[in-house]
Amino acid sequence: MRFTHLEKATTVLPDHPVRLTSAYAIGPVELPENCGVGREWSNHFTHEDWNLEKACEEGLELAAGGKVACRLLTELDPRNAELNLGVFPPLAEQERLLLVSNLRCMTAQEVVIRPFEGTGQIWIDGILVYAESGPFRLYMEEGDHTVIIIAAFIPDEARSIRISGNQICDHPDVAELHREFVERNIRFHMAWLEVEKSAEREGGKSPISFYLLRKDRVDLPADQMVWVEVTNDAGTKLDRFPVTWEQEQRYAWDKEMIENTGMLHFTVTYQDQKAGEHRFVYSVLVRPLSDVVQGLQEEYDHYKQAHAKDTNAVQKIQIEGLLEELKRLTALPEDPFEIWDYRVVREYIQLLKQIFTYGFAEQSQHPFSFQENSIFLSPDGLGEGFFVSRLDNSIQRYTVQLPRSFSPERQYPLIVLMPGKRYELGLPDFQQRNFGRDWEEEALFVTFSCRGVTLGSYIGEAAFLEALEVILQAYPVHEDRIYLTGYSNGAYAAWAMAQAYPSRFAAIAVIAGAPHPKQLMNLSNLPILNIVGEQDYLFAQAYEAPAAELASSHFKGVVEQGSNHWDTHELRLLDGVLGWLMQWKRDAAPQRIAYRTERDRHNRAYWLELTRMDEHEEYAELYGEMSTTGKLDVTAVHADEFIIHLSHEVMALELAQVRIGARIFVLDLLEYSRFRFVKMESQKRPSPEYRLIAERGKESGVSSTKETEAEQEINGMGSAGRNARSHGMGVLDVYMDRLHIVLPSSYATPEEEQAMKRTANALANPRTATWNPYIGVYYPVVSASDISEEDLADSNVICIVSGLARHELLQRHQGNLHLECTEEGYTLGGDFIAGEYGLSYIQPSPWSACRQMLVVATNSPRMLGKNLFMRKLIMPGYFNGLHPYLNKEIIVYDSKGVRAFNFTSIQDACHKLQGQ
């Protein structure tokens, strides 16, 4: 079939990247059942040639009868610079939308096409060149080329097809990134495509139809013979047969071949133009995954009996974590955005088989079994570890790559690959990438979950800090050389963690993510590589704002021409990006510090620590400058208390002078290492003044009278009804640690029970307002009679109550509650507010002063369903600043609507509640 009259749908490929700016859209059209990958689809239409200009008026006739619409698209979507497909409804399962365009090459050239995942199929001049198979390159002659995109679905915005030829790069860094991108993702690569939809978890049936696609159509010759070797899970060779490129192939197996295996593994061996050999492995389930997992469980039971004394706790969690992940994959995932990946299944099965067959023997000889908490690792240093999360008692995984010459006696740089979603990288990705293997200096690479597209905020931060601590405890990490890198959500998370804890990391590399604009000053001492596409809808926030604020010798901004948000996805894993990080080491005591925070939880920047904000303000700032002669200037904004951390080892002086406002203090660096400054209340002076309390470092084990007085001072400064760490976090601070949600032991009515359990479920399963709203947490919901005193003392709690008498925990501790709630109303600061209400407030837990309790109280259960923040909890992001409700310590919903405030002034709170 040939489409004609495409002049109006022509895109010219000049010396810079482009994307299709116009196209004829045909459909939606329902394709036949047998129209699989690589199969001819054009016979679904009646004519050999179609004039698409005319078809816009008359439509196109289908072979099965009827017509399908055709229209010319020229409008671009401003978020991705792609053709706007928002005029079409969502496609049904068998429906497809065809986009037909003309690409005009001004000269013969190699062309690299970078589609974002999930685009569908791309045909150029009648040849299939893409089927959700990643970026590719081909040689295109001068002149016109017909491009047909067969879209299987219409995403809201995550679309991109970037086309680049002999482009002119005005920045050497961009040219190097492009070169490595082609080398890593395209050159000598191929893809195995199943022609018809795989049965996935249920196991494929014989025969299987497949199609071998060359992603590199420049250096992989089309006329070579390609060999495929078939093996089982044990690695036993079962068969070997020849195939050819870009033709549908069929392979059948019998029961004898699959008798002792869960998957068949097809290893494709092929050569490039210089006779260099390359391999690619594709695996197919031949038995239902549930049966395979059951067999592995039985093997594990036998393994435990044989090696119970020889398997440490970490290895036991690893094996059980692998089995749990496989069990989870046998059913539909709780997160519908998570893609089922046969590669993960293959690697987990093979790793478990290896452990059960060789685990004990290899453990005694394995070069990586260096300490008690070692996991099983592959011979090349790759491993999938698991740990039980404190946050919700769930099993969480991480993937690690150790250097080939690993030694437990050395400390290594650590590069954390921040995930773009809940989990993004795993063993197959690490094996394919082989991170940093050619570097002179080796590093540890790790990735773990931040529980979803959490932007490094709240639950995301808690998950990150917990997983990082697991890695630091398990592996010898050089703590002055911890690096973060990520794309999109991963970049947001890297920005957020660096802005909150700037002295924790040595450098970050961020791609297509944005920081908190008001806290960019926090990063003035941190090396940053910031890569953003020129057409990224986040360009102003992600690139322009950091570049203007952080211009310095260690801030490096790179703009990729003609790229939108999704084009830069694969850049995050390039050695050029990861290697840039390795040149930096954390600066423990920079000469100048600027730090701004909105949250008491985020309070440390190098040698300055904010220990208490002015609770009437929404932010605090610390500025410090240190000279080599021992003179310091410190300016504090909205700070009630802060600490200077200095010692003789850091400054190499016995005494130092610090100027704060008009006063000068002398610091004895030999005797003390922490100098606490507490603001003095004074109505006579317009600017705040501070007094000094010198303290010895806790690590010295030496106490002093001054230190004891300081601790007493701190303990007496808290306002009633609040925990200092919740300032700026508000009710969401309850999610920053282990959490239980506690319901009453009994209910007055079935309606009350239903409403309260619905609220508990909403608080136990919060969401985000991102493209993937699911947060992978599983907070336990228990009744007041079922939770132990140990759990209460070691956990934050959310107590949901309608009648105090029916919630035995709160009834026992009602004297510790800071708001009095009754069936008629509630009392605050001596004033009674009558009527129906639903309120939530956070306070120190009655069971532990260092834990938090969130009380959700109502006198009318229906108010829980009407309250926006109790009906569904949507977690905000740090980069947006303070949330007007969720970052407050009290949220009230009643007949006057929703109001929120802090425990700073009971009188002010009462006025707000009474509408004064």
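How many of the residues of strand E3 are buried? In the predicted model described here, E3 is mostly covered, with 6 of its 8 residues buried. The strand is paired with two others. With strand E7 (residues 70-73), E3 runs antiparallel and is joined by 4 bridges. In this pairing Tyr24 stands opposite Leu72 of E7. With strand E8 (residues 95-105), E3 pairs over 5 bridges, again in the antiparallel sense, and here Glu30 stands opposite Glu95 of E8. In general, the strands of a sheet are paired through hydrogen bonds of the backbone, in either a parallel or an antiparallel manner.

Pro28 is placed in E3, which covers residues 23-30.

Two further backbone features concern the angle phi. Glu132 is not a glycine, yet its phi is positive, at about 55°. This residue is found in the loop between strand E11 (127-131) and strand E12 (136-140). Because its relative accessibility is 47%, Glu132 counts as partly exposed. Ser488, likewise a residue other than glycine, has a positive phi near 55°. Its place is in the loop that lies between strand E26 (477-487) and helix H8 (489-500). The relative accessibility of Ser488 is 15%, and the residue therefore counts as buried, the limit being under 20%.

The partners E38 and E39 run antiparallel and are joined by 7 bridges. Within this pair of strands, Met680 stands opposite Glu689 of E39.

Strands E38 and E39 are also linked by their side chains. A salt bridge is formed between Glu695 and Arg676, whose closest N and O atoms are 2.4 Å apart. The pair links distant parts of the chain, since Glu695 belongs to strand E39 (residues 689-695) and Arg676 to strand E38 (residues 674-680), 19 residues apart. Both Glu695 and Arg676 are buried. Elsewhere, salt bridges with shared partners join Glu110, Arg137, Glu183, Arg187, Asp216 and Asp219 into one network. Across the whole structure, a search finds 58 salt bridges.

Two other salt bridges lie within helices. In one, the side chains of Arg179 and Glu176 meet at 2.7 Å, N to O. These residues are 3 residues apart in helix H2 (residues 172-185), and Arg179 and Glu176 are therefore separated by about one helical turn. Arg179 counts as partly exposed because its relative accessibility is 44%. Glu176 likewise counts as partly exposed, at 38% relative accessibility.

In the other, Lys304 forms a salt bridge with Asp301, and the closest N and O atoms are 3.9 Å apart. Both residues lie in helix H3 (residues 289-307), with a spacing of 3 residues, or about one turn of the helix. Lys304 has a relative accessible area of 34% and is partly exposed. Asp301 is also partly exposed, with a relative accessible area of 32%.

Charged side chains also gather on the surface. A patch of negative charge is formed there by Glu53, Glu57, Glu58 and Glu61. Which helix gives the most to the negative patch? Helix H1 (residues 52-58) does so, with 3 residues. Glu61 is placed in strand E5 (residues 60-61).

How values were computed. Residues numbered from 1 in each chain as written. Predicted model: local features only at pLDDT ≥ 70, side-chain atom pairs only at ≥ 80, totals over all residues. Heavy atoms only, no water. Patch = residues over 30% accessible without salt bridge, like charges linked within 9 Å, V, L, I, M, F, W, Y side chains within 5 Å. Areas by Shrake-Rupley, 256 points an atom, 1.4 Å probe, with all protein chains shown as cover. Salt bridge = Lys/Arg side-chain N within 4 Å of Asp/Glu carboxyl O. Lys, Arg positive; Asp, Glu negative; His and termini not counted. Charge placed at Lys NZ, Arg CZ, Asp CG, Glu CD. Buried < 20%, exposed > 50% of the residue type's maximum accessible area, 1.4 Å probe, protein only. Pairing = 2+ DSSP bridges.
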